[in-house]
Amino acid sequence: RRLRADPDLEVLAPAAYRRASEVAPEDPSLWVRLGQAYDLLSLPGEAESAYREAIERGAVRPVVWLWLGESLIAQERPADAIEPFTTVIEKAPEDPRGWLSRGQARFNAGQHEEALADVQRAIDLADDPTEALFTGSRILMVMGRLEQAVAMAERAVEIGSAPVQAATGAR
């Protein structure tokens, strides 16, 4: 998901950060855009700082907390990512992305039961639960619940292949 950009852009992003803080330090949208730029440059620590600034300055969209959590995951800090993902859930409880992201963070933090509950909620909410089903299958496998893991993976494959079957007429 993260892209590696031209090395010259790595010089421009910090300069843009300093300029944004000088020109309009209280505008949260500038900090959000800066976080996104750092994400594109695969600089998750800098992205985290920018997203935290955006939140401190009044950013309200749940996706900002989602991106903050993703920047923490990219830094291999899943336990720290749980809180921003919980905020996403509080702000947008019907959005499966928050539930799936928190489930993945909890799984990586060793909280398997809690992770499975979050992923199940994501499955229930998602229009296309394929990713959540595969994630749930992996959690179940680690928990030693192999029959359930296989059944969930099979359901994911079935759902994931349905568009291909519909487009090609294959069965």
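This is a predicted model: local features need pLDDT of at least 70, side-chain atom pairs count only at pLDDT 80 or more; totals for chains, interfaces and linings use all residues.
Let's start with helix α4, which runs over residues 62-74. Have a look at how much of α4 is hidden: 10 of its 13 residues are buried, so to speak mostly covered. The buried set is V63, V64, W65, L66, W67, L68, G69, E70, S71 and L72.

What do those buried residues of α4 pack against? Four helices turn up as partners: α2 (28-40), α3 (44-56), α5 (78-91) and α6 (96-108). After α4 comes E76, and its phi is positive, near 60°.

One of those partners, α6, takes us to the next stop, where α6 meets helix α7 (residues 112-125). Two packed helices are described by the angle between their axes and the distance between the axes. For α6 and α7, the axes come within 8 Å and cross at roughly 160°. An angle over 145 degrees counts as roughly antiparallel, and therefore that is how α6 and α7 lie to each other. The crossing of α6 past α7 is left-handed.

Now for the residues that do the touching. On the α6 side you'll find P96, W99, L100, R102, G103, R106 and F107. Across from them, α7 brings in H112, E114, A115, D118, V119, R121, A122 and L125. Sorted by class, this contact has 8 nonpolar residues, along with 5 charged and 2 polar ones.

Notes
Residues are numbered from 1 along each chain as its sequence is written. Side-chain values use heavy atoms; hydrogens and water are left out. Helices (H or I, at least four residues) and strands (E, at least two) are DSSP runs, numbered from the N terminus. The expected span of a helix is 1.5 Å times one less than its number of residues. Buried means under 20% relative accessible area, exposed over 50%, partly exposed in between (1.4 Å probe, protein chains only). Contact means heavy atoms within 4.5 Å. Axes are lines fitted to C-alpha atoms, for helices over the stretch in contact, and angles run from 0 to 180 degrees between N-to-C directions. Angles under 35 degrees count as roughly parallel, over 145 as roughly antiparallel, 65 to 115 as roughly perpendicular and the rest as oblique. A crossing is left-handed if the near helix is turned anticlockwise from the far one by less than a right angle, and right-handed if clockwise. Ala, Val, Leu, Ile, Met, Phe, Trp, Tyr, Cys and Pro count as nonpolar, Asp, Glu, Lys and Arg as charged, and the others, Gly among them, as polar.
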